[in-house]
Amino acid sequence: GMSWNVGIFRADNRDDILFVADDQAGFGYFRNFGKTRRQGLEAGLSLPLTRDLTVGANYTYLQATYRSAEVVDGSSNSSNSEAEEGNPGTEGTIEIRPGDRIPLIPRHMLKLFADWRVGSGWSLGADVTAVGGSIARGNENGRHQADGTYYLGSGRSGGYAVLNLSADYEPTAAWRFFVQVNNVFDRKYSTAAQLGATGFDANGNFQARPFPRNAEGEYPLQHSTFYAPGAPRTVWAGVRYRFGS
């Protein structure tokens with residue numbers, strides 16, 4: 001009764017949409033952008049250990065990269081053009097090179113699961129979802145390095161794993177009662193990250209101009225890594241009734 005699958009894939013996309021920098025306007029705009037590539041491997045396994053207990057796993061390795069060169073805004077990236085010229089904290093651009101990772105897409109994704117039919121209409125389920133870290137938006141060149149002064153944060157979101165549990169009870173063919181608990185241990189994690197300027201210091205106080213004017217006559221800003229928080233522990237229960245003959 002064991003089942004398994006393995007797949008290898010590659011997709012080369014042309015004319016993707018990317019927000020690019022425009023030095024003339026001082027801002028940027030969306031336009032069609034060269035090529036990107038997503039390639040990797042998917043594998044799955046489902047194994048019945050007994051008549052009532054099944055375990056399994058699904059794994060994906062995904063390599064998502066730019067395949068064309070481009071210049072984009074990198075004002076919050078420590079390796080931007082102005083920072084490399086000795087003016088950190090000010091607006092600048094970064095260069096994307098073929099092979100650089102696409103932000104917000106993790107390389108590794110793993111799910112482990114188990115389903116157990118206890119008997120007398122009861123069934124229990126558990127799964128662990130693990131996701132690897134990803135590059136923050138604004139760090140498309142992968143070269144951001146925090147200096148603790150003008151630039152804070154790693155420029156990436158860390159990996160995480162959460163445990164989910166479920167229970168079902170079907171006293172008859174028509175009735176079904178269920179309860180689901182996601183993120184059982186209430187793990188604090190982030191699903192995405194982005195580089196950007198911050199107007200607050202480490203104590204949460206607003207600071208309009210944290211640094212004095214530089215040699216170019218500009219006031220540098222402090223930049224940080226912002227995170228999108230993952231869902232906290234969630235519990236819900238419900239009942240379903242199936243109509244029919």
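Predicted model: local features only at pLDDT ≥ 70, side-chain atom pairs only at ≥ 80, totals over all residues.

Visitor: Which residues make the nonpolar surface patch to which Tyr241 belongs, and what is its area?
Guide: Strand S11 (175–182) and strand S14 (234–241) are the elements that give two or more residues to this nonpolar patch. The patch is made by Trp175, Phe177, Val239, Tyr241 and Phe243, and its area is about 560 Å².

Visitor: How many aromatic pairs does the structure hold, and is the pair of Trp122 and Tyr169 stacked or tilted?
Guide: The structure holds nine aromatic pairs. A pair of aromatic rings is described by the distance of the centres and the angle of the planes. The ring centres of Trp122 and Tyr169 are 4.7 Å apart and the planes stand at 25°, and because planes under 30 degrees apart count as stacked, this pair is stacked.

Visitor: How many residues apart in sequence are the parts that this pair ties together?
Guide: Trp122 is partly exposed at 42% relative accessibility, and Tyr169 is partly exposed as well, with a relative accessible area of 27%. Trp122 belongs to strand S7 (residues 122–131) and Tyr169 to strand S10 (residues 160–169), so the pair of Trp122 and Tyr169 ties together parts whose separation in sequence is 47 residues.

Visitor: Is the pair of Trp175 and Tyr241 stacked, edge-to-face or tilted?
Guide: The ring centres of Trp175 and Tyr241 lie 4.7 Å apart, with the planes at 55°. Planes under 30 degrees apart count as stacked and those over 60 as edge-to-face, so the pair of Trp175 and Tyr241 is tilted.

Visitor: Which strands hold Trp175 and Tyr241, and how many residues apart are they?
Guide: Trp175 counts as partly exposed at 38% relative accessibility. The pair links distant parts of the chain, with Trp175 in strand S11 and Tyr241 in strand S14, and the two residues are 66 residues apart.

Visitor: Which residues form one aromatic cluster?
Guide: The stacked pair of Trp122 and Tyr169 and the tilted pair of Trp175 and Tyr241 both have a place in this answer. The aromatic cluster is formed by Trp122, Tyr169, Trp175, Phe177, Tyr241 and Phe243.

Visitor: Over the face of which residue does Arg209 lie?
Guide: A charge sits over a ring if, for Arg, CZ is within 6 Å of the ring centre and within 35 degrees of the ring normal. Arg209 is at 4.1 Å from the ring centre, and the residue over whose face Arg209 lies is Tyr219.

Visitor: Where does Asn77 lie, and what is the distance of the polar contact that joins its side chain to that of Asn139?
Guide: Asn77 is found in the loop between strand S4 (70–73) and helix H1 (81–84). Asn77 has a relative accessible area of 0% and is therefore buried. The polar contact between the side chains of Asn77 and Asn139 has a distance of 3.3 Å.

Visitor: How many salt bridges does the structure hold, and how many residues apart are Asp16 and Arg38?
Guide: The structure holds eight salt bridges, one of which joins Asp16 and Arg38, with the closest N and O atoms 3.9 Å apart. This pair links distant parts of the chain, Asp16 in strand S1 (residues 3–22) and Arg38 in strand S2 (residues 27–48), at a separation of 22 residues.

Visitor: In the salt bridge of Arg97 and Asp100, is Asp100 buried or exposed?
Guide: The side chains of Arg97 and Asp100 meet at 3.5 Å, N to O. Arg97 counts as partly exposed at 41% relative accessibility. Asp100 has 10% relative accessibility, and because buried means under 20%, Asp100 counts as buried.

Note on methods:
Residues numbered from 1 in each chain as written. Heavy atoms only, no water. Patch = residues over 30% accessible without salt bridge, like charges linked within 9 Å, V, L, I, M, F, W, Y side chains within 5 Å. Areas by Shrake-Rupley, 256 points an atom, 1.4 Å probe, with all protein chains shown as cover. Salt bridge = Lys/Arg side-chain N within 4 Å of Asp/Glu carboxyl O. Helix = DSSP H or I, 4+ residues; strand = E, 2+ residues; numbered from the N terminus. Phe/Tyr/Trp six-rings, centres within 6.5 Å; stacked < 30°, edge-to-face > 60°. Buried < 20%, exposed > 50% of the residue type's maximum accessible area, 1.4 Å probe, protein only. Polar contact = N/O pair within 3.5 Å; in protein donor to acceptor, adjacent residues only side chain to side chain.
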